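Thanks for coming, everyone. Let me put the model up, and then we'll walk through it.

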Amino acid sequence: MQATDLFGHRSRQERELAGLDNLELPLRPRKSALRRFWSGAWPQLAAIGIAIAIWQIVVLLELKPVWILPGPLAVLPELWHDLTRDTRLIEAMATTLRRAAFGFALALLIGILIGLAVTRFKLLRTAVASLITGLQTMPSIAWFPLAILLFGITEQAMMFVVVLGAAPSVANGLIHGIDHIPRILLRAGRVLGAHRLDKYRFVIFPAALPSFVGGLKQAWAFAWRSLMAGELLVIIASQPALGVRLQLQREQVDAVALIGTMLVILSVGITVDLVIFGNIERRIRRRRGLGVA
Amino acid sequence: MSAAHGLATITPRLEAAPSGATPAIEVAGVHKAYGPSGSHVLALSDLTLNVAKGEFVCLVGASGCGKSTLLNILAGLDRPQLGTFSTRGRVALLFQEAALFPWLTAAQNIELALRLAGVPRSERQTRTHELLHVVQLEGWGDKRPHELSGGMRQRTAVARALAQGAEILLMDEPFGSLDAMTRDILHDELERLWKDAGFTVLFVTHDVREAVRLGDRVAVLTSRPGQVAEELTIDLPRPRLMSDPEVATLAERITHRLREEVLRHAGD
């Protein structure tokens with residue numbers, strides 16, 4: 001039996017507990033935000049530098065005439081000029097980004113509805129779950145002839161294909177997320193009295209979030225690719241868009257501007273994928289103590 | 001402010017001293033089988049058990065005695081095929097893993113339980129703070145579960161259970177995955193909370209000494225089907241230690257009883 005002196009049994013117990021707890025504190029302080037940013041950024045900057053150097057070397061080898069394959073020294077200043085002095089590139093970007101945002105939002109809505117329906121109803125799951133994945137193997141460009149027949153040379157035709165490309169990824173991300181919620185968390189939610197809407201709001205959605213964001217990331221890649229294919233095929237003359245510019249620049253054999261447009265398309269894709277979704281994903285994973293992918 | 005004082009403001013309706021006679025948990029003739037009919041495994045058969053209000057009862061049994069099944073039934077996660085059961089007062093279930101939501105901080109986990117229990121927003125923050133104090137985790141509220149040790153996570157889970165306004169704690173091997181020192185301290189901690197707040201505990205464990213250390217009563221379950229084979233009242237004075245010779249002697253007796261039970265399934 002422990003002695004209960006003036007300080008009492010509890011005070012010793014409390015102190016032991018506090019001691020154990022404090023031993024849990026991490027020894028290593030976290031690196032500053034700037035250092036963390038830099039340690040992630042410099043390898044990427046170096047990779048971009050190397051890619052540009054290889055490009056320059058290929059140009060210097062003169063495998064193709066310089067007016068067909070211009071080097072970075074010709075393309076980058078021209079691109080800078082187009083971005084800062086010329087409104088047409090910005091207008092084209094605006095059209096394309098508006099379409100991408102709208103198509104992605106539509107895919108998000110439809111994907112979430114399908115995903116929820118599939119996880120809710122067993123019969124639906126057996127019927128359509130594999131169909132959704134199957135849909136993803138269809139190259140989006142193969143949908144366009146049908147889309148043009150259905151909707152004509154319109155934005156609807158593009159949206160149709162973008163949604164077909166992106167919605168399955170949204171749905172799959174959600175289905176996968178909900179399917180893999182640890183059972184113990186669902187039970188904890190039930191014991192806490194989270195039923196119906198509360199169950200979705202406080203347990204199911206937050207638990208499925210990491211996988212859902214992964215699905216969004218993939219959906220964005222599909223949407224962006226589908227949209228570019230669409231803009232090359234479905235040319236609406238009154239609306240300047242990035243894909244339209246590519247076509248025109250090829251017809252005019254303006255390789256300097258063409259490669260510039262390609263760089264813009266690449267940058268937009270990467271920015272949304274890595275900077276936006278990548279950061280959200282990393283933050284979610286870090287907060288939950290999951291390994292950073 | 002003493003911990004006891006903090007608790008009194010949190011669960012005011014428990015201030016009245018528990019009377020030994022009122023049952024908090026009544027289980028009569030409960031029967032539960034799994035699997036398709038014919039090939040099913042009988043988990044519980046004709047199980048009868050009463051736990052008085054404010055009592056600390058430990059359930060021990062070998063594998064397959066349906067300990068967890070019984071707790072799931074009492075927590076409303078599962079249904080028996082036959083028999084009746086009733087619980088008086090709110091029930092909280094604690095698992096071997098703390099089962100905290102990893103996307104919330106410790107404080108937010110407690111706050112969510114308060115919210116789902118219908119505590120108005122204006123009171124939640126103060127009560128979360130009080131509950132963190134009760135389990136001695138002040139200053140750790142903004143940490144996420146993965147940043148806490150196993151013992152701290154379990155204490156957060158206890159605070160979450162108290163946030164539900166639970167008067168009955170069902171504990172399913174809650175300290176099973178902790179190191180011995182943390183477990184010993186948490187035994188003291190749980191005993192103190194139980195004494196101060198006067199809730200009822202049904203504590204499942206496979207560790208016989210732990211059962212004797214904590215319980216007013218230890219119920220020994222048979223395996224497949226699970227039934228109460230023996231109930232022992234532990235008259236040893238508290239606080240006890242796992243290493244007390246009296247605890248060891250009683251534990252020895254119960255272990256012997258459990259081994260006989262396992263032999264019954266040897267198949268000869």
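First, some housekeeping. This is a predicted model, where local features need pLDDT of at least 70, side-chain atom pairs count only at pLDDT 80 or more, and totals for chains, interfaces and linings use all residues. Residues are numbered from 1 along each chain as its sequence is written, and chains are lettered from A and ligands numbered from 1 in the order in which they are written.

Start with chain A. It has 11 helices and zero strands. Helices here are DSSP runs of H or I with at least four residues, strands are runs of E with at least two, and both are numbered from the N terminus. The C-alpha atoms of chain A fill a box of roughly 95 × 50 × 30 Å along the principal axes. How does the radius of gyration of chain A stand against that of a compact globule? Chain A has 26 Å, but a compact globule of 293 residues would have one near 19 Å. That radius is taken over C-alpha atoms, and the globule rule is 2.2 Å times the number of residues to the power 0.38. Of the 293 residues in chain A, 28% are buried. Buried means 20 or more other C-beta atoms within 10 Å of the residue's own; exposed means 12 or fewer; partly exposed is in between; and C-beta atoms are placed from the backbone.

Now chain B. Here we have eight helices and nine strands. The box for its C-alpha atoms is roughly 60 × 45 × 40 Å, again along the principal axes. Chain B has a radius of gyration of 19 Å, and this agrees with a compact globule, because 268 residues would give a value near 18 Å. Buried residues make up 45% of chain B. Take contacts in chain B between residues at least 6 apart in sequence: 74% join residues at least 24 apart. A contact means C-beta atoms, placed from the backbone, within 7 Å.

On to the sheet. Six strands of chain B form an open sheet, in the order 5-6-7-3-8-9, with mixed pairing. Strand 5 and strand 9 of chain B are the edges, each pairing on one side only. Two strands pair if DSSP finds at least two bridges between them.

Look at strand 3 of chain B, residues 56-61. Five bridges join it to strand 7 (residues 200-205) of chain B, and the two run parallel. B:Phe56 has B:Val201 as its bridge partner there. Five bridges also join strand 3 of chain B to strand 8 (residues 217-221) of chain B, again parallel. On that side, B:Gly61 stands opposite B:Leu221.

Is strand 3 of chain B enclosed or open? Six of its six residues are buried, so it is largely enclosed by the rest of the structure. In a regular strand, side chains alternate between the two faces of the sheet. Both faces of strand 3 of chain B are covered. B:Phe56, B:Cys58 and B:Val60 are on one side, and B:Val57, B:Leu59 and B:Gly61 are on the other.

Strand 6 of chain B also runs parallel to strand 7 of chain B, with five bridges between them. B:Met171 stands opposite B:Phe203 there.

Next, the backbone. A cis peptide bond joins B:Arg238 and B:Pro239, with omega about -5 degrees. B:Pro239 lies in the loop between strand 9 (228-233) and helix 8 (245-263) of chain B. B:Asp46 is not a glycine, yet its phi is positive, near 50 degrees. B:Asp46 sits in strand 2 (residues 41-52) of chain B. It counts as partly exposed because 14 other C-beta atoms lie within 10 Å. B:Glu173 also has a positive phi, about 45 degrees. Its place is the loop between strand 6 (168-172) and helix 6 (180-197) of chain B.

Last, the interface. Chain B puts 29 residues in contact with 23 residues of chain A. Helix 6 of chain B gives the largest share of chain B's side, five residues. By class, that side has 17 nonpolar, six polar and six charged residues. Nonpolar covers Ala, Val, Leu, Ile, Met, Phe, Trp, Tyr, Cys and Pro; charged covers Asp, Glu, Lys and Arg; the others, Gly among them, are polar.

How values were computed
Contact = placed C-beta atoms within 7 Å.
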